[in-house]
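Please consider the model shown below.

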Amino acid sequence: MTTNRIGVFGANGRMGLALLEAATIKEQTQLTGAYVRSSSSLLGINVNQVNSAADNSVSFSEETTIDNVDVLIDFTLPAGMKNHLKTAVAQKIPMVIGTTGLTSDDMALLHDAAKHIPIVFARNYSVGVNVLLNLVQTAATKFGDDLDIEIFEAHHRHKIDAPSGTALAIGESIAQAKGWDHDEVAVYDRSQVETAKSQNEIGYSVLRGGDIVGEHTAYFATMGERLELTHKASSRMTFALGAVRAASWLKNKPVGLYDMQDVLDLK
Ligand SMILES: NC(=O)C1=CN([C@@H]2O[C@H](COP(=O)(O)OP(=O)(O)OC[C@H]3O[C@@H](n4cnc5c(N)ncnc54)[C@H](OP(=O)(O)O)[C@@H]3O)[C@@H](O)[C@H]2O)C=CC1
Ligand SMILES: O=C(O)C1=N[C@H](C(=O)O)C[C@H](O)C1
């Protein structure tokens with residue numbers, strides 16, 4: 001097996017720094033690019049000075065200077081991801097994407113790009129959440145119709161998008177199993193609603209605070225019992241190592257759009 005050379009966009013972000021470390025410590029993988037914006041004060045600085053566990057032969061460089069890379073990884077914001085996607089398509093480099101908060105237009109761009117390069121896009125790169133995406137489908141279909149389904153998520157105070165990408169992925173997985181259109185059954189705000197909830201609903205609630213890495217619970221509540229399926233991430237390295245694993249899996253794949261369930265063979 002040849003070494004997989006990894007370039008990381010948004011290398012100074014919370015996930016970016018974890019990805020620098022993951023690409024350094026993972027076997028058969030080499031960190032070869034740590035990309036930041038052209039305005040960044042980190043340009044030219046060794047990554048090792050910001051994360052001592054990251055490869056000391058790499059310095060932060062401009063995101064327009066990609067070279068010597070087999071797979072690019074992007075955990076940034078939607079605007080950044082879209083620029084990075086254009087670069088990856090232009091240079092025909094496979095891409096692993098974890099950025100959340102994407103609109104349906106952004107998703108259409110991803111689908112188009114995946115006609116030209118192989119892409120893994122997942123809203124959560126942990127093993128646990130990807131197993132959970134299957135478990136919620138079982139739970140959603142084993143109770144009768146007299147069932148209330150709610151999803152709760154909690155994240156750190158800096159998180160911008162809500163509900164989290166993972167919460168939406170869980171809801172979409174449930175909707176698929178129930179044969180529902182997710183957009184029609186998703187309820188994000190009950191503050192203006194003056195009627196009792198209907199059973200064909202997936203309700204979302206959100207907490208933001210402190211340094212919570214990421215917690216998700218799907219509730220299946222009926223009369224007399226309630227099932228709660230919870231996943232808790234306690235380190236960003238879980239997501240980063242998952243993304244680097246996805247990058248190794250992706251290296252020689254044909255063009256197309258894949259997800260972490262493909263990587264983990266969970267479909
Ligand atoms: N799929 C998964 O498993 C996971 C996904 N995520 C997602 O990853 C994303 C990043 O999260 P996190 O690391 O906490 O966020 P941070 O805010 O810590 O980092 C964001 C990074 O993106 C860069 N960035 C933002 N906008 C642009 C742009 N327009 N062009 C280029 N670079 C840009 C920032 O650069 P600068 O500092 O210069 O602004 C920074 O490096 C979020 O969408 C989050 O939801 C997070 C964890 C797991
Ligand atoms: O922003 C984060 O931190 C996370 N974002 C992802 C999401 O939106 O689901 C995944 C993880 O929960 C952490």
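Visitor: What is the mean pLDDT of the protein?
Guide: This is a predicted model, in which local features need pLDDT of at least 70 and side-chain atom pairs count only at pLDDT 80 or more, while totals for chains, interfaces and linings use all residues. Residues are numbered from 1 along each chain as its sequence is written. The pLDDT is the predictor's confidence in each residue, from 0 to 100. Here 100% of the residues reach 70 or more, and the mean is 97.

Visitor: At what angle do helix 1 and helix 7 pack?
Guide: Helices are DSSP runs of H or I with at least four residues, and strands are runs of E with at least two, numbered from the N terminus. Axes are lines fitted to C-alpha atoms, for helices over the stretch in contact, and angles run from 0 to 180 degrees between N-to-C directions. Helix 1 (residues 14–25) and helix 7 (residues 236–250) have axes 8 Å apart and an angle of about 55 degrees.

Visitor: Which term describes how helix 1 and helix 7 lie to each other?
Guide: Angles under 35 degrees count as roughly parallel, over 145 as roughly antiparallel, 65 to 115 as roughly perpendicular and the rest as oblique. The packing angle is about 55 degrees. Helix 1 and helix 7 are therefore oblique.

Visitor: Which residue in the hairpin of strand 10 and strand 11 takes a positive phi?
Guide: Strand 10 (residues 214–222) and strand 11 (residues 225–233) run antiparallel, joined by 9 bridges; two strands pair if DSSP finds at least two bridges between them. Thr222 stands opposite Glu225 in strand 11. The hairpin has 2 residues between the strands, and the positive phi, near 95 degrees, belongs to Gly224.

Technical notes. Chains lettered and ligands numbered in written order. Heavy atoms only, no water.
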